[in-house]
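Please keep the sequence and the structure in view while working through them.

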Amino acid sequence: MKERLKEIKNEALEQIQSAADEKKLQDVRVYFLGKKGQITEVLKGMGKLSKEERPVIGQLANEVRDEITEALESKQTKLEQAALEQQLKEESIDVTLPGRPVQAGGPHLLRNVIRNIEDLFTSMGYAVAEGPEVETDFYNFESLNLPKNHPARDMQDTFFITEELLMRTQTSPVQARTLRKHEGQGPVKIICPGKVYRRDTDDATHSHQFTQIEGLYVDENIRMSDLKGTLNTFAKHMFGEDRAIRLRPSFFPFTEPSVEMDISCKICHGEGCSVCKGSGWIEILGAGMVHPNVLEMAGFDSKKYSGFAFGMGPERIAMLKYGVEDIRHFYTNDVRFLKQFHGV
Ligand SMILES: [Zn+2]
């Protein structure tokens, strides 16, 4: 039995030495050390041995098993290292290859339009004011002369969170909030850009979410002519020196009188064409003199103070200025669309 164990050892070491991969090594392990392996086979004959021989053979068998195990482990490590080296060799990086170009992003077209409008108005002394998109019914409607059950609320149905909390339908509540902060002391000169929400079905000109920029100027002796001069400056800055404006009477609950501002059509200069639908004019924004009720509700003396307000949609401005035909392009984030306006 001693001889057989020595043979097993030599055979095993030889086979381990020549094993070419981990699969082969595993086979060797099973063949010699497994439950039905060579060593177990030998030990089955232990019963025939004398009492003195048994521990000697047992110890020898353990030594042989240990040696084979050690050889297996050492070979295993060598095979793993070789495999890693092979992999590294195959996956070597050619540092001389040219790199892939980095895609440079840019601000969204709407962001650029909003920034452009902000720049103009801050240069005229306006401050940029922001407020919450989740607004109270009071600030979004009531403080703007739209009490509960006012029919004009229908035009501005929105997403309600509770009876009193809603997604704001306009940036006007920022005006109301800012007016209150001033505690009846003018001047107040702000523009309020931000996202607003309506219960609208999305189509080429409607979106349930869009942006607005409103402006508010309250001080002593603010007149309609101040509003007209400001809007004229804005229209020429945004659309070109050759554009004329006109004001048409309109209705908003929070201004009196209220107007819509149109600019002359770029294509036909007032003659009438398909772009302006034959009228020669294109509607841009709504404006008006701040309603005395709005001033009084915010704590301003409407006999002493007056003011004007205007509101516009940056989407509409961008669509007119850059010829975008569908409002959904701004929100579906098709890179082919967005890329055209990098750097404008
Ligand atoms: Zn036209």
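**Notes on the predicted model**

1. One aromatic cluster is formed by F121, Y126, Y217, F234, F308 and F310. Rings of Phe, Tyr and Trp (its six-membered ring) count as a pair if their centres lie within 6.5 Å; planes under 30 degrees apart are called stacked, over 60 edge-to-face, and the rest tilted.

2. Residues are numbered from 1 along each chain as its sequence is written, and side-chain values use heavy atoms, with hydrogens and water left out.

3. How many aromatic pairs does a search of the whole structure find? The search finds 13. In the pair of F138 and Y139, the ring centres are 5.2 Å apart and the planes stand at 75°, so the pair is edge-to-face. Y139 is buried, because its relative accessible area is 17%, whereas F138, at 27%, is partly exposed. Here buried means under 20% relative accessible area, exposed means over 50%, and partly exposed lies in between (1.4 Å probe, protein chains only).

4. Salt bridges form the next topic. Side chains of opposite charge can pair when their charged atoms come close. The term is used for a side-chain nitrogen of Lys or Arg within 4 Å of a carboxyl oxygen of Asp or Glu. The whole structure contains 18 salt bridges by this search.

5. R4 takes part in two of the bridges described here: with E7 the N to O distance is 3.2 Å, and with E11 the N to O distance is 3.7 Å. R4 and E7 are separated by about one helical turn because they are 3 residues apart in helix α1 (residues 2-18). Helices (H or I, at least four residues) and strands (E, at least two) are DSSP runs, numbered from the N terminus. R4 is partly exposed at 27% relative accessibility, as are E7 at 42% and E11 at 30%.

6. A further salt bridge joins D262 and R246, whose closest N and O atoms are 2.8 Å apart. This pair links distant parts of the chain, since D262 is in strand β7 and R246 is in strand β6 (residues 245-252), 16 residues apart. Is D262 buried or exposed? D262 is buried, with a relative accessible area of 2%, whereas R246 is partly exposed at 31%.

7. D137, E142, K148 and E164 are linked in a network of salt bridges.

8. Strand β7 (residues 255-264) also holds E256. The unreviewed UniProt entry gives E256 the annotation "binding site"; UniProt positions follow the numbering used here, feature names are shortened, and annotations may be inferred rather than shown by experiment. E256 is partly exposed at 48% relative accessibility. Leaving aside residues up to four places away in sequence, E256 touches M289 and H291, where contact means heavy atoms within 4.5 Å.

9. Which residues make the nonpolar surface patch of about 220 Å²? The patch is made by V134, I161 and L165. Patch residues have over 30% relative accessible area and no salt bridge; like charges are joined within 9 Å and nonpolar side chains (Val, Leu, Ile, Met, Phe, Trp, Tyr) within 5 Å. Areas come from the Shrake-Rupley method with a 1.4 Å probe, and for residues only the protein chains shown count as cover. I161 lies in the loop between α6 (137-140) and β3 (165-167), and I161 is partly exposed at 49% relative accessibility.

How values were computed
This is a predicted model: local features need pLDDT of at least 70, side-chain atom pairs count only at pLDDT 80 or more; totals for chains, interfaces and linings use all residues.
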